[in-house]
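Colleague: I would like to learn how to read helix packing and aromatic contacts in a model of this kind. Could we go through the features one at a time, with the general idea before the case?

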Amino acid sequence: MESVSIETSQLTKNQRRNDYDTTSAHVVDKDSWQQVGLLLVTGFNCAYVLSFSNLMLVPLGWAWGLTCLVVMGAFTIYANWLLAGQHVIDGQRFIRYRDLVGFHFGRRMYYTTWFLQFTTILLGNMGFILLGGRALKEINSEFSGSPARLQVFIVATGVVYFIFAYFVPTMSAMKNWLATSAILTLTYDVILVVILVKDGKSNKSKDYTIHGSEADKVFNAFGAISAILVCNTSGLLPEIQSTLRKPVVSNMRKALAMQYTVGLAIYYGISIAGYWAYGSSVSEYLPQQLSIFVAPIHEALDTKFQRLEESMFSKYNLVCRFFSRALLFGVNTFITSLFPFMGDFVNLFGSFTLFPLTFLFPSMVFIKITSTTARREHKLWHWISIILSLLLSVITTTAAVRLILNNARIYHFFADT
């Protein structure tokens, strides 16, 4: 009877392995850690560096702001380091986050992870489209007196994003763009810091007061914690790691080391410099005061609907990709045009989705796979992480929804007057 039970258990385990294979329409096991590290530095979070001064530091002030930057950064580094080590378990490679969680906790958690990840990507992409639209509007205001509405530039940005996503369909395909992107980003950041230092020295009336009612201060502070999490992580680590060549764990950790040294030096440096230069009046879009990342969704749609035996650029796959990208960016752009508030997107996906993806699920997997081997204090640590991340997710999501409702009310009031 015991041997039958063991054989049944092994068959069940093998079946579960087959349910979460590494079949994908996108490239797996190809990229270097340097390429992935550069992607992490210049990719998902980088665009928001123009808003982090306002979103992270204005609601917290200097003392609490710097403290939260350090504490949240440290915890996020640990969580991603842990998650990178869970990419291969007992010889099974998990190229998607939902596969990792679903393998250990069942189909319900598979779809929960899928929902949280795709919500993160969609909200993050809306933020990118909004940032691009605001940048185009600022450029237009410098060269033209045309008072075109922000929504016009948001639509233009959405079209550009669609074209790029169509012709650069995978994360690995971004390789040829990363060097150019890194050079342009670094050049822009250096110029930005120089101007911030110049403006900061000439600004003699800096005000670092935290404004608002007591309730506003509390909710805005939790919103700032969400923004700090967005600055530190993407919630897409297994999908990014899937592109790495072997050994995938050590290579991913090298890429993470690049992100949390070079990347954070840029993100934190500009954010702190912006707050120092302009105080609590710093704009949600930093350049106003100066004197692309949806590949995991593309991978899921391409793997589901494209013909995997054909080239990525075959006639059928080109047509299929055109309509899937058009639908995705059309919906993204439309919703962004309805709610053009930068902080809302950052705070909402930071609170509702990134807390579970960054802290909750890795700790759950750790407890599951080390139930008989982990020391008691290690288990206790991860249970504390689970409980705290759940509480923070609920509280910060409440703060984010409150901010959205307030901004929507103000926006429609001014739109109607």
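Colleague: Is the crossing of helix 4 and helix 11 right-handed or left-handed?

Modeller: A crossing is left-handed if the near helix is turned anticlockwise from the far one by less than a right angle, and right-handed if clockwise; helices themselves are DSSP runs (H or I, at least four residues; strands are E, at least two), numbered from the N terminus. Here the crossing of helix 4 and helix 11 is right-handed. Before going on, note that this is a predicted model, in which local features need pLDDT of at least 70 and side-chain atom pairs count only at pLDDT 80 or more, while totals for chains, interfaces and linings use all residues. Residues are numbered from 1 along each chain as its sequence is written, and side-chain values use heavy atoms, with hydrogens and water left out.

Colleague: At roughly what angle do the axes of helix 4 and helix 11 cross?

Modeller: Axes are lines fitted to C-alpha atoms, for helices over the stretch in contact, and angles run from 0 to 180 degrees between N-to-C directions. The axes of helix 4 (residues 61-85) and helix 11 (residues 248-278) cross at roughly 165 degrees and come within 10 Å. The two are therefore roughly antiparallel to each other, given that angles over 145 degrees count as roughly antiparallel, under 35 as roughly parallel, 65 to 115 as roughly perpendicular and the rest as oblique. Contact means heavy atoms within 4.5 Å, and the residues making it include Trp62, Leu66 and Trp81 of helix 4 and Met252, Tyr260 and Tyr275 of helix 11. By class, the contact of helix 4 with helix 11 comprises 14 nonpolar, five polar and one charged residues, where Ala, Val, Leu, Ile, Met, Phe, Trp, Tyr, Cys and Pro count as nonpolar, Asp, Glu, Lys and Arg as charged, and the others, Gly among them, as polar.

Colleague: How does helix 2 pass helix 8, and at what angle do they pack?

Modeller: Helix 2 (residues 33-42) and helix 8 (residues 175-202) pack at an angle of about 50 degrees, with their axes 10 Å apart, which makes helix 2 oblique to helix 8. The crossing is left-handed, and the contact is made by Gln35, Leu38, Leu39 and Thr42 of helix 2 together with Lys175, Leu178, Ala179, Ser181 and Ala182 of helix 8.

Colleague: Is Leu178 buried or exposed?

Modeller: Buried means under 20% relative accessible area, exposed over 50%, and partly exposed in between (1.4 Å probe, protein chains only). At 8% relative accessibility, Leu178 counts as buried, and Gln35, at 10%, counts as buried too. The C-alpha atoms of Leu178 and Leu38 are separated by 7.0 Å, although the two residues are 140 apart along the chain.

Colleague: How many aromatic pairs does the structure hold?

Modeller: Rings of Phe, Tyr and Trp (its six-membered ring) pair if their centres lie within 6.5 Å, and planes under 30 degrees apart count as stacked, over 60 as edge-to-face and the rest as tilted. The structure holds 12 aromatic pairs. One of them, Phe94 with Phe103, is tilted, at 5.2 Å centre to centre and 55 degrees between the planes, and both Phe94 and Phe103 are buried. Another, Tyr97 with Phe361, is edge-to-face, at 6.3 Å centre to centre and 90 degrees between the planes.

Colleague: Which residues form one aromatic cluster with Trp62?

Modeller: Trp62 forms one aromatic cluster with Tyr208 and Tyr275.
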